[in-house]
Amino acid sequence: MSASVAKKLGALPTDGVCTTCGGTIGPDGRCPDCRAVYGESHRCPHCGTIADVERSEVLRFRCRVCGGPRVLVSDTTIERSGAERKSLTRARAAHAKSTAWTMGAGVLAGASVLSLLVSTAVLSVASPGLVPTLLVLLFAIAPAAVAFLAWARAKRARRETLDAVESAYAAVTRELVGQRDEEMTATELAKLLDIEEADAELLLAQVSVDTFVRARVADSPPSRARLEPADELALSDEEREHRAVLEAQLDEPAPAPKRTERS
Ligand SMILES: [Zn+2]
Ligand SMILES: [Zn+2]
(Lines give C-alpha, C1' and ligand atoms only; values in the text may rest on other atoms or scores of the structure.)
(Ligands and ions follow the chains in the order given, each with its own letter.)
Protein backbone atom coordinates (compact mmCIF):
# COMPACT_ATOMS: atom_id res chain seq x y z
CA MET A 1 0.00 0.00 0.00
CA SER A 2 1.44 3.30 -0.99
CA ALA A 3 1.77 5.84 1.77
CA SER A 4 0.16 8.62 -0.22
CA VAL A 5 -1.79 11.27 1.61
CA ALA A 6 -5.54 11.42 1.19
CA LYS A 7 -6.70 14.09 -1.17
CA LYS A 8 -10.04 15.76 -1.02
CA LEU A 9 -11.06 16.30 -4.59
CA GLY A 10 -14.26 17.09 -6.36
CA ALA A 11 -15.96 15.83 -9.47
CA LEU A 12 -14.35 13.61 -12.08
CA PRO A 13 -12.54 15.84 -14.63
CA THR A 14 -14.21 15.53 -18.03
CA ASP A 15 -10.89 15.00 -19.81
CA GLY A 16 -9.96 12.18 -17.42
CA VAL A 17 -6.71 13.90 -16.49
CA CYS A 18 -5.67 14.04 -12.84
CA THR A 19 -5.67 17.65 -11.65
CA THR A 20 -2.96 16.86 -9.11
CA CYS A 21 -0.27 15.18 -11.19
CA GLY A 22 -1.53 15.19 -14.78
CA GLY A 23 -1.81 11.39 -14.94
CA THR A 24 -4.73 9.49 -16.48
CA ILE A 25 -7.55 8.68 -14.07
CA GLY A 26 -8.50 4.97 -14.07
CA PRO A 27 -12.03 3.53 -14.47
CA ASP A 28 -12.21 3.24 -10.68
CA GLY A 29 -11.96 7.05 -10.37
CA ARG A 30 -8.44 6.84 -8.99
CA CYS A 31 -5.23 8.21 -10.41
CA PRO A 32 -2.75 5.31 -10.50
CA ASP A 33 0.18 7.71 -10.23
CA CYS A 34 -0.65 9.83 -7.20
CA ARG A 35 -3.69 7.88 -5.88
CA ALA A 36 -5.91 10.97 -5.90
CA VAL A 37 -9.59 9.97 -6.13
CA TYR A 38 -12.45 11.55 -8.03
CA GLY A 39 -16.22 11.25 -8.23
CA GLU A 40 -19.17 10.58 -5.97
CA SER A 41 -18.37 6.87 -5.64
CA HIS A 42 -15.45 7.92 -3.43
CA ARG A 43 -17.56 10.08 -1.13
CA CYS A 44 -17.39 8.85 2.45
CA PRO A 45 -20.84 8.17 3.95
CA HIS A 46 -19.52 9.22 7.37
CA CYS A 47 -17.59 12.46 6.87
CA GLY A 48 -18.95 13.39 3.43
CA THR A 49 -15.55 14.07 1.83
CA ILE A 50 -14.36 12.55 -1.43
CA ALA A 51 -11.42 10.64 -0.06
CA ASP A 52 -9.45 7.47 -0.64
CA VAL A 53 -9.61 4.43 1.63
CA GLU A 54 -6.94 2.34 3.30
CA ARG A 55 -6.98 -1.29 4.37
CA SER A 56 -7.98 -2.20 7.90
CA GLU A 57 -7.83 -5.57 9.63
CA VAL A 58 -11.29 -5.37 11.17
CA LEU A 59 -13.10 -2.97 8.83
CA ARG A 60 -11.51 -4.22 5.56
CA PHE A 61 -11.41 -0.63 4.23
CA ARG A 62 -11.63 2.62 6.12
CA CYS A 63 -11.80 6.27 5.14
CA ARG A 64 -8.42 7.97 5.11
CA VAL A 65 -9.99 11.15 6.46
CA CYS A 66 -12.29 10.01 9.27
CA GLY A 67 -11.37 6.31 9.70
CA GLY A 68 -14.97 5.17 9.18
CA PRO A 69 -15.59 1.79 7.51
CA ARG A 70 -16.36 1.89 3.79
CA VAL A 71 -17.24 -0.51 0.99
CA LEU A 72 -15.59 0.34 -2.28
CA VAL A 73 -16.87 -0.90 -5.65
CA SER A 74 -14.10 -0.65 -8.23
CA ASP A 75 -16.48 -0.20 -11.17
CA THR A 76 -17.76 3.36 -10.76
CA THR A 77 -20.29 2.95 -13.59
CA ILE A 78 -22.39 0.69 -11.36
CA GLU A 79 -25.21 2.65 -9.80
CA ARG A 80 -25.24 2.51 -6.02
CA SER A 81 -28.12 3.12 -3.64
CA GLY A 82 -26.12 3.31 -0.42
CA ALA A 83 -27.93 0.27 0.99
CA GLU A 84 -24.90 -0.51 3.15
CA ARG A 85 -24.96 2.83 4.97
CA LYS A 86 -26.91 1.69 8.02
CA SER A 87 -24.61 -1.29 8.60
CA LEU A 88 -21.54 0.89 8.12
CA THR A 89 -22.78 3.33 10.75
CA ARG A 90 -23.37 0.40 13.10
CA ALA A 91 -19.88 -0.96 12.34
CA ARG A 92 -18.33 2.42 13.04
CA ALA A 93 -20.05 2.75 16.42
CA ALA A 94 -19.16 -0.82 17.43
CA HIS A 95 -15.56 -0.33 16.33
CA ALA A 96 -15.25 2.85 18.42
CA LYS A 97 -16.65 0.96 21.40
CA SER A 98 -14.24 -1.92 20.83
CA THR A 99 -11.27 0.44 20.65
CA ALA A 100 -12.32 2.24 23.84
CA TRP A 101 -12.82 -0.98 25.82
CA THR A 102 -9.50 -2.39 24.58
CA MET A 103 -7.69 0.75 25.70
CA GLY A 104 -9.51 0.70 29.04
CA ALA A 105 -8.60 -2.94 29.57
CA GLY A 106 -4.95 -2.19 28.80
CA VAL A 107 -4.77 0.73 31.21
CA LEU A 108 -6.47 -1.25 33.99
CA ALA A 109 -4.22 -4.28 33.46
CA GLY A 110 -1.19 -2.00 33.68
CA ALA A 111 -2.55 -0.37 36.84
CA SER A 112 -3.11 -3.78 38.38
CA VAL A 113 0.44 -4.93 37.71
CA LEU A 114 1.83 -1.70 39.12
CA SER A 115 -0.29 -1.77 42.27
CA LEU A 116 0.57 -5.43 42.81
CA LEU A 117 4.29 -4.63 42.58
CA VAL A 118 3.99 -1.70 45.01
CA SER A 119 1.83 -3.69 47.44
CA THR A 120 4.25 -6.63 47.51
CA ALA A 121 7.16 -4.27 48.09
CA VAL A 122 5.34 -2.54 50.97
CA LEU A 123 4.13 -5.80 52.49
CA SER A 124 7.60 -7.34 52.42
CA VAL A 125 8.86 -4.46 54.55
CA ALA A 126 5.87 -3.80 56.83
CA SER A 127 4.43 -7.34 57.48
CA PRO A 128 1.11 -6.02 58.87
CA GLY A 129 -0.45 -9.42 59.65
CA LEU A 130 -2.62 -11.80 57.67
CA VAL A 131 -5.93 -9.90 57.32
CA PRO A 132 -4.42 -6.49 56.29
CA THR A 133 -2.08 -8.31 53.88
CA LEU A 134 -4.99 -10.08 52.20
CA LEU A 135 -6.94 -6.81 51.99
CA VAL A 136 -4.03 -4.98 50.38
CA LEU A 137 -3.56 -7.78 47.84
CA LEU A 138 -7.28 -7.81 47.09
CA PHE A 139 -7.25 -4.09 46.33
CA ALA A 140 -4.19 -4.55 44.16
CA ILE A 141 -5.85 -7.29 42.13
CA ALA A 142 -9.23 -5.50 41.78
CA PRO A 143 -8.24 -3.50 38.64
CA ALA A 144 -7.26 -6.78 36.95
CA ALA A 145 -10.80 -8.10 37.45
CA VAL A 146 -12.25 -4.91 35.95
CA ALA A 147 -9.71 -5.14 33.12
CA PHE A 148 -10.94 -8.64 32.36
CA LEU A 149 -14.53 -7.38 32.16
CA ALA A 150 -13.45 -4.53 29.88
CA TRP A 151 -11.57 -6.98 27.68
CA ALA A 152 -14.70 -9.17 27.38
CA ARG A 153 -16.71 -6.08 26.36
CA ALA A 154 -14.05 -5.19 23.81
CA LYS A 155 -14.26 -8.67 22.34
CA ARG A 156 -18.03 -8.48 22.07
CA ALA A 157 -17.85 -5.06 20.40
CA ARG A 158 -15.29 -6.42 17.94
CA ARG A 159 -17.65 -9.25 17.03
CA GLU A 160 -20.44 -6.70 16.55
CA THR A 161 -18.14 -4.71 14.28
CA LEU A 162 -17.32 -7.74 12.14
CA ASP A 163 -21.02 -8.64 11.87
CA ALA A 164 -21.95 -5.12 10.80
CA VAL A 165 -19.13 -5.01 8.22
CA GLU A 166 -20.31 -8.35 6.84
CA SER A 167 -23.90 -7.14 6.53
CA ALA A 168 -22.69 -3.99 4.77
CA TYR A 169 -20.84 -6.15 2.25
CA ALA A 170 -23.87 -8.42 1.91
CA ALA A 171 -26.05 -5.38 1.14
CA VAL A 172 -23.65 -4.25 -1.58
CA THR A 173 -23.38 -7.79 -2.98
CA ARG A 174 -27.19 -8.05 -3.12
CA GLU A 175 -27.26 -4.79 -5.05
CA LEU A 176 -24.53 -5.86 -7.48
CA VAL A 177 -26.09 -9.27 -8.08
CA GLY A 178 -29.55 -7.72 -8.53
CA GLN A 179 -28.31 -5.39 -11.27
CA ARG A 180 -27.01 -8.21 -13.45
CA ASP A 181 -28.82 -10.54 -15.79
CA GLU A 182 -26.23 -13.30 -15.75
CA GLU A 183 -24.82 -14.98 -12.67
CA MET A 184 -21.96 -13.31 -10.84
CA THR A 185 -18.90 -15.40 -10.06
CA ALA A 186 -16.88 -15.16 -6.88
CA THR A 187 -13.88 -14.06 -8.93
CA GLU A 188 -15.83 -11.13 -10.38
CA LEU A 189 -17.21 -10.10 -7.01
CA ALA A 190 -13.77 -10.38 -5.37
CA LYS A 191 -12.37 -8.08 -8.04
CA LEU A 192 -15.22 -5.57 -7.76
CA LEU A 193 -14.97 -5.30 -3.97
CA ASP A 194 -11.21 -5.90 -3.72
CA ILE A 195 -11.67 -8.78 -1.28
CA GLU A 196 -10.48 -12.39 -1.07
CA GLU A 197 -12.22 -14.85 -3.37
CA ALA A 198 -13.15 -17.08 -0.43
CA ASP A 199 -14.92 -14.13 1.21
CA ALA A 200 -16.68 -13.35 -2.07
CA GLU A 201 -17.89 -16.94 -2.25
CA LEU A 202 -19.32 -16.69 1.28
CA LEU A 203 -21.06 -13.41 0.43
CA LEU A 204 -22.60 -14.86 -2.72
CA ALA A 205 -23.79 -17.91 -0.80
CA GLN A 206 -25.30 -15.73 1.91
CA VAL A 207 -27.06 -13.51 -0.61
CA SER A 208 -28.45 -16.45 -2.58
CA VAL A 209 -29.78 -18.02 0.63
CA ASP A 210 -31.41 -14.70 1.58
CA THR A 211 -32.94 -14.34 -1.89
CA PHE A 212 -34.16 -17.94 -1.87
CA VAL A 213 -35.80 -17.54 1.54
CA ARG A 214 -37.38 -14.23 0.56
CA ALA A 215 -38.67 -15.67 -2.72
CA ARG A 216 -40.15 -18.65 -0.88
CA VAL A 217 -41.84 -16.42 1.67
CA ALA A 218 -43.21 -14.11 -1.03
CA ASP A 219 -44.33 -16.75 -3.57
CA SER A 220 -45.75 -19.68 -1.73
CA PRO A 221 -48.77 -19.55 0.59
CA PRO A 222 -47.94 -20.99 3.99
CA SER A 223 -47.93 -24.69 3.20
CA ARG A 224 -49.37 -27.11 5.66
CA ALA A 225 -47.02 -29.69 6.94
CA ARG A 226 -48.07 -32.94 5.34
CA LEU A 227 -48.64 -35.59 7.96
CA GLU A 228 -47.17 -38.89 7.02
CA PRO A 229 -48.27 -42.04 8.78
CA ALA A 230 -45.72 -41.00 11.32
CA ASP A 231 -45.71 -44.22 13.32
CA GLU A 232 -44.62 -46.23 10.32
CA LEU A 233 -42.00 -43.69 9.29
CA ALA A 234 -40.46 -43.09 12.64
CA LEU A 235 -39.99 -46.71 13.62
CA SER A 236 -36.76 -48.48 12.93
CA ASP A 237 -36.78 -52.10 11.69
CA GLU A 238 -36.00 -53.34 15.15
CA GLU A 239 -38.84 -51.34 16.69
CA ARG A 240 -41.25 -52.55 14.01
CA GLU A 241 -40.29 -56.17 14.72
CA HIS A 242 -40.72 -55.57 18.43
CA ARG A 243 -44.16 -54.06 17.83
CA ALA A 244 -45.18 -57.05 15.66
CA VAL A 245 -44.19 -59.42 18.48
CA LEU A 246 -46.20 -57.39 21.00
CA GLU A 247 -49.25 -57.34 18.71
CA ALA A 248 -49.02 -61.11 18.20
CA GLN A 249 -48.87 -61.59 21.96
CA LEU A 250 -51.98 -59.44 22.42
CA ASP A 251 -53.88 -61.53 19.86
CA GLU A 252 -53.06 -64.77 21.67
CA PRO A 253 -55.17 -65.74 24.67
CA ALA A 254 -53.33 -65.02 27.84
CA PRO A 255 -51.74 -68.14 29.31
CA ALA A 256 -53.43 -69.44 32.43
CA PRO A 257 -51.61 -68.52 35.60
CA LYS A 258 -49.59 -71.36 37.01
CA ARG A 259 -50.78 -72.79 40.19
CA THR A 260 -48.43 -73.70 42.92
CA GLU A 261 -49.12 -77.19 43.99
CA ARG A 262 -49.51 -77.92 47.59
CA SER A 263 -48.92 -81.17 49.18
ZN1 LIG B 1 -2.55 11.95 -10.13
ZN1 LIG C 1 -14.72 9.67 6.02
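Trainee: In which hand does α2 pass α3?

Mentor: In this predicted model, helix α2 covers residues 130-178 and helix α3 covers residues 186-193. Where α2 passes α3, the crossing is right-handed.

Trainee: Which residues of α2 and α3 make the contact?

Mentor: The contact draws on both helices. From α2 come Tyr 169, Val 172, Thr 173 and Leu 176. From α3 come Leu 189, Leu 192 and Leu 193.

Trainee: How many nonpolar, polar and charged residues does the contact of α2 with α3 have?

Mentor: Thr 173 belongs to the contact and counts as polar. By class, the contact of α2 with α3 has 1 polar residue, no charged residues and 6 nonpolar residues.

Trainee: Why is α2 described as oblique to α3?

Mentor: Two packed helices are described by the angle between their axes and the distance between the axes. For α2 and α3, the axes lie 12 Å apart and the angle is about 120°. Roughly perpendicular covers 65 to 115 degrees and roughly antiparallel begins over 145. The angle of about 120° therefore makes α2 oblique to α3.

Trainee: What helix is included in the cover over the buried residues of α1?

Mentor: Helix α1 spans residues 85-126. Its buried residues include Leu 88, Ala 91, His 95 and Trp 101. What covers the buried residues of α1 includes α2.

Trainee: What pattern does the chain follow, read along the sequence?

Mentor: The chain has 2 strands and 6 helices. Read along the sequence, these follow the pattern β-β-α-α-α-α-α-α.

Terms used: Residues numbered from 1 in each chain as written. Chains lettered and ligands numbered in written order. Predicted model: local features only at pLDDT ≥ 70, side-chain atom pairs only at ≥ 80, totals over all residues. Axes fitted to C-alpha atoms, helices over the stretch in contact; angles between N-to-C directions. Helix = DSSP H or I, 4+ residues; strand = E, 2+ residues; numbered from the N terminus. Parallel < 35°, antiparallel > 145°, perpendicular 65-115°, else oblique. Left-handed = near helix turned anticlockwise from the far one by under 90°. Contact = placed C-beta atoms within 7 Å. Expected span 1.5 Å × (residues − 1). Buried ≥ 20, exposed ≤ 12 C-beta atoms within 10 Å, placed from the backbone.
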